[in-house]
Every structure is written in structure tokens, then in C-alpha cells.
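Please open the structure in your viewer and keep the selection tool at hand.

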Amino acid sequence: MSDLAARLSAIDLRIADAARAAGRDPDELTRIVVTKFHPAPLVTELRALGVREVGENRQQELSAKREELAGLEDVRWHFIGQAQTNKASAIRRSADAVHSVDRSRLADALHRAAEGDDVLDVLVQVNLTDDPGRGGVEPAEAARLAEHIGGLPSLRLRGVMAVAPLDEEPASAFARLRAVADDVRAVEPAADWISAGMTGDFAEAIAAGATHLRIGSAITGPRPDRG
Ligand SMILES: *Cc1c(COP(=O)(O)O)cnc(C)c1O
């Protein structure tokens with residue numbers, strides 16, 4: 001077995017254990033492999049191991065890999081990084097889901113970039129830190145942004161996304177995210193995704209109800225030194 005295959009299956013075992021410990025069915029979890037900073041062929045290798053959901057956090061890298069790997073039709077690309085409004089149409093062309101919608105102007109720009117009748121999956125990113133400079137909407141504003149997205153027919157609101165703050169126990173941060181997820185579901189009942197949990201905190205995220213895990217380095221190995 002390759003190192004990559006070994007790391008992938010080790011993480012999947014840990015995900016399944018964390019799910020069972022939380023009384024949840026592992027099959028209800030989607031594991032997104034974050035491939036940022038790694039070259040495109042890594043995605044081809046992952047696909048051969050059965051991976052169908054990958055995540056990228058920079059638009060240029062996402063667009064370049066998507067182009068390079070145009071033959072990999074059944075891979076779903078999740079955009080999980082901060083999005084500039086003026087990059088909305090490039091993001092829309094390359095992403096199957098955008099986890100990082102944190103302002104109505106960005107939602108509007110993604111909507112305007114729609115081509116034909118395609119519908120883009122989007123999540124409201126929630127800022128769980130005290131630092132307003134971090135990505136994400138304030139928790140109290142999430143439902144309002146969800147309502148705004150509800151008025152944009154080319155966007156399908158799927159749920160909420162967050163990164164746990166560095167200076168807080170992930171369990172308490174993810175408990176707050178879950179409350180915000182309830183607010184958003186009150187606006188759009190079908191928006192039942194909770195995108196949370198990375199290499200260091202996915203077990204806590206699973207315990208708090210995460211449905212979509214974004215796991216990078218534990219699977220891909222250390223990122224090449226580019227940021
Ligand atoms: C890089 C990244 C991840 C994955 O982080 P790891 O610690 O490598 O698992 C998850 N979410 C976001 C938003 C990221 O930028």
C-alpha cells in the first residue's frame with residue numbers, strides 16, 4: 001500500500017471511530033480531502049483510491065488544477081478559502097460547492113456569474129473568532145445572509161462552514177457553530193450541511209454534528225513549503 005493509501009485509510013478509520021463514539025453513522029459523513037499546495041497529480045492519485053471530494057482554498061490554484069484535470073469528471077471540487085468578489089466568476093466556473101460565502105456582495109457576484117441554469121451549492125461561512133478580520137459572517141448575521149442567498153435562484157444554500165479558533169477548545173467553538181446551523185435551517189430547512197473539522201479537530205467536529213470534514217495534511221502529508 002502506498003503511504004497515501006495508508007494515511008487515507010487510517011484517517012477513515014479514525015473518522016468512523018469518532019462517528020461511532022458520537023452515536024452517529026459514519027456513512028452520513030463526507031470526507032473532503034484538502035489538496036491545497038500539492039500538485040494536481042495528487043488528485044489523480046487520490047481519485048484512484050476512491051476519493052471523489054476535494055478541497056482547495058485559493059482560486060488560482062483551484063482553477064489551474066481543474067483545468068489540468070479536466071478528464072476527472074466525477075471529482076467534486078469544494079472551494080474553502082477566502083473569496084474575492086472580483087474572482088467570483090472564476091470561482092464559479094471551477095467549483096462545485098463554495099463553502100466560504102460570508103457577505104451578500106459575494107453571494108450576488110456568484111449569482112451574477114451563473115451561466116444558463118446551473119445551480120451552485122454554497123455554504124455560509126461563520127466567523128467563530130473575536131477577530132472581525134477573519135473570514136466568515138458574525139454568528140448573529142448568518143440567518144440574514146441565508147435569507148439573502150435564498151433570494152438568488154442560481155445558488156443553493158447547503159449549510160454552514162467554519163474553522164475553529166486557535167485559542168479555544170474546538171468542542172465549544174463547534175457547539176456555537178451548531179447553534180448557527182440551526183438558525184440557518186430555520187431559514188432554509190434543506191441547508192443541513194455543517195462543514196467543520198480539519199486534521200487537528202475532526203473528532204470534536206463530528207461530535208458536534210459536522211457533516212462535511214475538510215482534512216488536508218493528515219492525508220496528503222505535509223504541504224510543500226508555499227504558505
Ligand atoms: C487547509 C484547510 C483545511 C485542512 O487543514 P489540515 O489541518 O491540513 O487538515 C481545512 N479547512 C480550510 C478552510 C483550510 O484552509
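Begin by selecting Asp12 and Arg31 in this predicted model. The two residues form a salt bridge, and their closest N and O atoms are 2.7 Å apart. Next, colour helix α1, residues 3-21, and strand β1, residues 30-34. Asp12 belongs to the helix and Arg31 to the strand, so this pair ties together parts that lie 19 residues apart in sequence. The count of salt bridges comes to 18.

Now select the ligand. The space that the ligand takes is the largest pocket. Which residues are around the ligand? Display Val34, Lys36, Asn57, Ile80, Val163, Met198, Thr199, Arg214, Ile215, Gly216, Ser217 and Arg223 to see them. This shell divides into 5 nonpolar, 4 polar and 3 charged residues.

- Thr199: an N or O atom of its side chain is 2.6 Å from an oxygen atom of the ligand.
- Arg214: here a nitrogen atom of the ligand is 2.9 Å from an N or O atom of the side chain.
- Ser217: a polar backbone atom of this residue is 2.8 Å from a ligand oxygen atom.

Finally, show the surface of the ligand. Taken alone, the ligand exposes 390 Å², of which the protein buries 89%.

Note on methods:
Residues numbered from 1 in each chain as written. Predicted model: local features only at pLDDT ≥ 70, side-chain atom pairs only at ≥ 80, totals over all residues. Heavy atoms only, no water. Near = heavy atom within 4 Å. Polar contact = N/O pair within 3.5 Å; in protein donor to acceptor, adjacent residues only side chain to side chain. Areas by Shrake-Rupley, 256 points an atom, 1.4 Å probe, with all protein chains shown as cover. 1 Å grid on protein atoms, 1.4 Å probe; cavity = no way out; pocket = protein on both sides within 12 Å on 5 of 7 lines; lining within 4 Å. Sits in = over half its atoms within 2 Å of the grid points. Nonpolar A, V, L, I, M, F, W, Y, C, P; charged D, E, K, R; others polar. Salt bridge = Lys/Arg side-chain N within 4 Å of Asp/Glu carboxyl O. Helix = DSSP H or I, 4+ residues; strand = E, 2+ residues; numbered from the N terminus.
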